[in-house]
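I opened a new notebook page for this structure.

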Amino acid sequence: MIKLGVIGTNWITQQFVEAIQTLQEYELTTVYSRKIETAEEFATRNGAKNTVTDLEQFFNSDDFDTVYIASPNSLHFEQAKLAVENGKNVIIEKPAFSNQRQMAQFQEILAAHPEVKFFEAARNIHTANFHAIEKQVNEMDTISGAEFTYSKYSSRYDKVLAGEEPNVFSLKYAGGALQDLGVYTVYDAVTLFGLPDEVAYFPKLVNTGVDGKGTAVLKYVEFVVTLNFSKMSNSEMTSEIAGLKDFIEIDDAGEITEVSYHNDESKRTVIGNKNLDNPMLEEAADFAKVILAPDDVDNQKLYRYWNQLSINVNKVLYNLRQDANIVFVNE
Ligand SMILES: NC(=O)c1ccc[n+]([C@@H]2O[C@H](COP(=O)([O-])OP(=O)(O)OC[C@H]3O[C@@H](n4cnc5c(N)ncnc54)[C@H](OP(=O)(O)O)[C@@H]3O)[C@@H](O)[C@H]2O)c1
């Protein structure tokens with residue numbers, strides 16, 4: 001049984017907790033919040049026994065062995081570091097870290113604590129629908145390019161328009177569209193095609209200094225992948241992976257609910273449409289498998305693969321941001 005502590009009490013933590021509560025492998029034991037009232041309210045709602053407002057006390061606790069971190073991006077590194085140093089497995093929301101220096105330092109800390117596991121919660125690549133895409137890509141003779149789109153107007157952009165600076169649109173908290181919805185599209189590309197040779201990023205900056213939306217271009221040896229993501233506009237544009245005459249159609253690069261394959265004769269076949277009530281269930285189940293059987297050879301292989309993916313995605317995100325001269329506070 002995995003005993004879970006959580007950091008962050010927003011809706012995403014609620015969704016993760018609802019996912020783990022449908023699985024037998026987890027038990028929520030401990031809730032950290034900056035305010036005791038918030039911690040208690042979250043704990044009562046979800047049946048957790050312990051509440052803490054002091055981060056050091058939280059990580060010193062024996063009440064849990066794994067922490068789920070869903071704080072603003074710029075806090076991830078220090079919190080994850082503390083977790084590993086205190087022997088806790090870490091499930092950390094995307095993007096795990098804000099730059100390559102943090103990722104490299106974190107990998108060193110992780111290497112010094114081999115009993116501890118680290119997972120970046122990139123929910124899209126753990127879904128059955130994404131696995132259907134992977135399988136189809138492997139079966140296609142040629143890949144000639146791809147476009148991934150994930151655009152959703154954020155209610156917090158209303159606040160930006162009103163002159164405020166919510167964390168997700170803040171340079172101080174390592175926000176912006178690339179660091180948020182963009183991460184899923186980078187994960188799509190890097191998981192399917194590996195590290196690109198060159199990257200370029202064309203953002204639309206908003207008043208707070210971060211990118212509200214943007215187009216990223218990833219150049220591979222044989223083809224180019226274009227990523228479109230936005231938190232300041234909506235889109236229903238599908239995503240596609242092109243072969244020669246054939247292609248894969250994906251309804252949404254971040255929330256994949258239907259995947260179909262159009263063959264050389266233009267025949268469309270749905271190859272993935274598994275939709276669970278909770279989009280975080282599949283990743284939570286994947287992480288539990290590895291945490292509970294760390295010596296299993298297949299699990300070790302998967303774990304190394306996810307860790308390397310996280311390193312590669314971090315590198316692409318960083319290089320894209322460098323290309324657009326977006327600099328976070330205190331970098
Ligand atoms: N996987 C997904 O689908 C998904 C969806 C949304 C977000 N995310 C990720 O989840 C993480 C959190 O995103 P969010 O939008 O929920 O962030 P957020 O609302 O800005 O903050 C999340 C939590 O962190 C704490 N917090 C807020 N401001 C803080 C501050 N200034 N200093 C310290 N703690 C602070 C709050 O908890 P307390 O008040 O209890 O301390 C809050 O509930 C991000 O990494 C984001 O990318 C993932």
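**The largest cavity**

I sorted the lining of the largest cavity by class and got eight nonpolar residues, three polar and one charged. The model is a predicted one, and I kept that in mind throughout. Next I asked how much space the largest cavity holds. The value came out at about 70 Å³. I then checked how many cavities of 30 Å³ or more the structure holds, and found one.

I listed the lining residues. They are F118, F119, E120, A122, I125, H126, Y187, F287, W306, N307, L309 and S310. Which element gives the most to this lining? I found that α10 does, with four residues. Both β6 (118-121) and α10 (297-323) supply at least two residues each.

**The second largest pocket**

I moved on to the second largest pocket. I noted a volume of about 220 Å³. Its lining has 13 residues. Those nearest the pocket centre are S74, Q102, K172, V329 and N330. By class I logged five nonpolar, five polar and three charged residues in this lining.

I also looked up which domains contribute. Domain 1 (2-118) and domain 2 (125-280 + 313-323) each give at least three residues to the lining of the second largest pocket.

I computed the make-up of residues 2-113 as 45% helix and 22% strand. The end C-alpha atoms of that stretch are 18 Å apart.

**Helix α2**

Which residues of helix α2 (residues 36-46) are buried? I found A39, F42, A43 and N46. I then looked down the axis of α2: the buried residues fall within an arc of 100 degrees, so they line one face of the helix. The general rule is that an α-helix has 3.6 residues a turn, so residues three or four places apart point the same way. On the other side of α2, I marked E37 and T44 as exposed.

**I109 in helix α5**

I placed I109 in helix α5 (residues 100-111). Is I109 buried or exposed? Its relative accessibility is 12%, under the 20% cut-off, so I109 counts as buried.

I found a cis peptide bond between K94 and P95, with omega at about -10 degrees. P95 sits in the loop between β5 (89-93) and α5.

I then logged two asparagines with positive phi. N325 has phi near 55 degrees, and N330 has phi near 65 degrees. I located N325 in the segment after α10, and N330 in the segment after α10 as well.

How exposed is each one? N325 has 64% relative accessibility, over the 50% cut-off, so N325 counts as exposed. N330 has 76% relative accessibility, so N330 counts as exposed too. I cross-checked N330 against my pocket page: N330 is among the residues nearest the centre of the second largest pocket.

Technical notes
Residues numbered from 1 in each chain as written. Predicted model: local features only at pLDDT ≥ 70, side-chain atom pairs only at ≥ 80, totals over all residues. Heavy atoms only, no water. 1 Å grid on protein atoms, 1.4 Å probe; cavity = no way out; pocket = protein on both sides within 12 Å on 5 of 7 lines; lining within 4 Å. Points joined across faces, edges and corners; volume = space filled by probe spheres on them. Nonpolar A, V, L, I, M, F, W, Y, C, P; charged D, E, K, R; others polar. Domains from an automatic or database assignment. Buried < 20%, exposed > 50% of the residue type's maximum accessible area, 1.4 Å probe, protein only. Arc of directions from axis to C-beta.
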